[in-house]
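Have a go at each task before you read its solution.

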Amino acid sequence: MQLQAFLRHESWARTRLLILTCRAESTTFAEPILDLAGAACAGLARSAVNEFPGRIQLLDTDHGGVHTDVLYSVLAAPHRTLASRDGRLLLPRLVTAHDDEALQLPADDIPWRLLPSAQRTLEALRPTPEPKRAAPVAPGKLRVRVVGTGSNFRDVMVALGLVQGHQMGLESAGVVTEIGVGVSGWQRGDRVALLPTGFSEFDGCYGPVADFLPSQLVRVPDGVPLVRAAGSQIVHATAHYGLVVRAGLRAGQKILIHAAAGGVGMAAVRLAQRCGAEIYATASPAKQAAVQALGVPRDRIANSRTADFETELRAATGGTGVDVVIGSVTGELLGASLRLLRRDGRYLDMAQQESHVAEDIAVRFPDIGYEYLDLPGVLAAGTYVPPVPFDDPAMMSLPIQRWSIRHARQALRALSQGQTTGKIVLTQPTPLDPSRTVLITGGTGALGRLLARHLVGTHGIRHLLLLSRSGDAAPGAEDLRRDLQEQGADVTIVACDAADLDALREVIQAIDEDRPLGAVIHTAGALADALLTDLTPRHFDEVLRAKIDAVLNLHELTRDLELDAFVVYSSLAGTIGNPGQANYAAANAFLDAFAHHRRHQGLPAISIAWGLWQETSGLTAELSREQRARLARLGLAPTTTRQALAGFDAALDLALPYLAVTAQAATGDHKLPEVFSDALSQRRRPTATAAVDDAPSRELDTEQLRNRRAGDRIATLTTLVRTHAAAVLGHSSFENISAEQTLRNAGFDSLATVELRTRLENATGLRLAATALMEHPTPAALARHLDTLVTGFAPADRDDAFLDEVAANVRAGDRMQTLRLLHRTADRRRLAHVAAELDSVRWERLNVGVKFPRDPGHSSSTLRVLGRSGAAGVSRGA
């Protein structure tokens, strides 16, 4: 191994090594991991960092290259683990889980629906009880238990109050539970999806149940996961109507697909491939790998953020240009797209332009066909009936991110900021089904036995399949079987190595059809500790086989079974990088990443990174007194059985890809690893989560503020602006937003600007002009402007015409044109933009959790459930 050679070579003892990975971490809620092997290597590297302090740094990049300025900043930083995204350096942090970010759902027997709030912010979204859905279903209708609901940009617009009179949640799939009087041809248990028609006759599908007319539903074939069915129809209908119905795309024609990493973009790529067209595409640099993975050649993919794609793609076409363009761009990007079209080409616009824009196109480009794809209009008129894509393997294999409805706020925010690839589907909470079988690997080991008893006693599971290498011959196996059977459970114990694909397949295929497999929990593992420089292939084989080979086999054999849960037991070794356990850290870092990988395939997955259990297991029995003392010096205490099982239940409830569970020592001086610097403090992190009252709430008393000294007023208002700006961008603290950093450089686009203005108006009761955030581009400048409004010395000018123009573009879904409009106005007023960048931010907070009991007799430690920085579809940390 080259790393071992570097560390052993004495002449390099004073040389620092920078290890690069590319997209092996997830730094935002919806950012995918593109390199699972890289994630494992990062886990190994973290151990190397701790074994050889000062000699190694680890940097995860967003698309391979590292700018010189970023490289210098990394080498000058005291931190040993960093990520680079869009030229900014980020630090990983574990944060204590709290309830203030997840939706608190009503009790199981109370129907509800997710509704926007009068506050018009994403934080103010809340589930509203709907008792009428507890009554028997109305005649002529079907009641459906919703499994998943597809999210789209229109949901964001409705939540922010930019589109009135529309419901949220137009895409869903589920199971029929009630049949109204007069309905025939349907049965309870039928798997169905909502057709993309007749949206005016239902109330939205962000809730556990919904009622439909039979004509609004289509059956979902067996073998098609309901989560995929929920996220496939609108994107397929949009692409099909544009490319096939309107453009008549033919083999050999050249097509440009804008935003090809989005849901519609990916569907358009698949349809164009089927038509035999030659595909060109745009996507942001970080998403271009996803487009390339669909089969689009790298030299035909350009940056969607600048008009340079015109020159690049014209050259790629050999100077001929393209026959068809589909997209929703505006301004200079629209002009560049139109110039790329050949004579008699077709431009299919998914954004409704202003009438004068369409008129201008007709005058300037008379030789091309331009049209707006009014899919909602033709669906409502019944002039277009889209084909159902369920029998199309290529369409049904497109990326779908799966998240719990409890995280709707974060999902919609990621969608609004263009941070997603493919489609997001929000699923309803799914408890473990007692009628289905739960498979536990390592089921006869210490941790597997504790879990089996917990599942039977607490979750009511009645069918257990326990796998281990020893099977019935394992110590205590018969006692375990007898105890569980006395509680009414049916228990099968099988000698099977989950790393043996053929043996595992035979076991899974033998499960009784009357109690099909419902959940997989992978607790098995192995240790082979040694310092990094002493590790041999045998050390790696033993550990990786038990962790990585086994989980890959479990995934392969169960991916089509629509499991309720897929849980892997990981270890904090992968997050911290335990010295002497580089192979074990690599294996567990892979598990953490793989949980995100499954989520990005629309599959359930949770990785629980455990600290040390107080209950001795096969993995911990050989820990020496010195090793336990080292953990104590880190401030980590052994987790009691009661605490650990409470942590397991919390992980199921939170349904996040990654959670760390450990106990914190109550006393003593500890040198915490840097990643824990925020997690094990008693300080609750500040939050700007909005109240959920029906009417906007005032959080700042401007009357009292007016009577304070000017310096105090400015300081209070600056903190207010920074707090709400951080909330809009999804940061955990206002400290992540510099007072002198421009909002644009912090990551604000047009929608984020609108939301921040709304939040500040709600918080202060003041009216802000539409251009206020562009005229006062930093939190400090905006605070000074708010101060003038509070004191009354300089009232804000009102520009209704400009406000109407901005609102019209936002309602049309035209984010680019809105942003350009605001920027042009700002430039005309000669604003000075301060380009201060954040040095570091938390990757992603997971502010969700439950209260845990303190174990009687173990009052010296407190359980901590921690969320990993980053929470995206295919990532190492949540």
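## Exercise 1: An aromatic cluster

Tyr 569, Trp 610 and Trp 613 are linked into a cluster by ring pairs. Rings of Phe, Tyr and Trp (its six-membered ring) pair if their centres lie within 6.5 Å; planes under 30 degrees apart count as stacked, over 60 as edge-to-face and the rest as tilted.

A word on the ground rules: this is a predicted model, where local features need pLDDT of at least 70 and side-chain atom pairs count only at pLDDT 80 or more, while totals for chains, interfaces and linings use all residues. Residues are numbered from 1 along each chain as its sequence is written, and side-chain values use heavy atoms, with hydrogens and water left out.

**Task.** Describe the pair formed by Trp 610 and Trp 613.

**Solution.** 
- Step 1: Recall that a pair of aromatic rings is described by the distance of the centres and the angle of the planes.
- Step 2: The structure holds seven aromatic pairs. For Trp 610 and Trp 613, the centres are 4.9 Å apart and the planes make an angle of 65°, so by the cut-off of over 60 degrees the pair is edge-to-face.
- Step 3: Check the surroundings. Trp 610 and Trp 613 are both buried, where buried means under 20% relative accessible area, exposed over 50% and partly exposed in between (1.4 Å probe, protein chains only).

## Exercise 2: Charges over rings

**Task.** Find which rings the charged ends of Arg 219 and Arg 599 sit over.

**Solution.** 
- Step 1: Apply the criterion: NZ of Lys or CZ of Arg must be within 6 Å of the ring centre and within 35 degrees of the ring normal.
- Step 2: Arg 219 places its charged end over the ring of Trp 186, 4.1 Å from the centre.
- Step 3: For Arg 599, the ring is that of Trp 403, and the distance to its centre is 5.5 Å.

## Exercise 3: Strand 16 and its partners

**Task.** Is strand 16 (residues 322–327) largely enclosed or open, and which strands pair with strand 16?

**Solution.** 
- Step 1: Note how elements are assigned: helices (H or I, at least four residues) and strands (E, at least two) are DSSP runs, numbered from the N terminus.
- Step 2: Look at burial. Six of the six residues of strand 16 are buried, so the rest of the structure largely encloses this strand.
- Step 3: Look for partners; two strands pair if DSSP finds at least two bridges between them. Strand 13 (residues 254–257) pairs with strand 16 in the parallel sense over three bridges, with Ile 255 opposite Val 324.
- Step 4: Strand 17 (residues 341–349) also pairs with strand 16 in the parallel sense, over five bridges, and here Val 325 stands opposite Tyr 347.
- Step 5: Follow the chain. Strand 16, helix 10 (residues 331–340) and strand 17 make a right-handed β-α-β unit: with the strands pointing away from the viewer, the path from the first strand over the helix to the second runs clockwise.

## Exercise 4: The nonpolar cores

**Task.** Which members of the largest nonpolar core touch the most other members?

**Solution.** 
- Step 1: Define the set: buried Ala, Val, Leu, Ile, Met, Phe, Trp, Tyr and Cys residues joined through side-chain atoms within 4.5 Å.
- Step 2: This core has 63 residues, and Ile 440, Leu 455, Leu 464, Ile 521 and Phe 648 touch the most other members. Helix 15 (residues 446–457) gives the largest share of the core, six residues.
- Step 3: A separate second core has 51 residues, including Leu 36, Ala 498, Leu 504 and Ala 587.
- Step 4: Zoom in on Leu 464. Leaving out residues up to four places away in sequence, its contacts (heavy atoms within 4.5 Å) include Ile 440, Leu 455, Leu 484 and Val 491.
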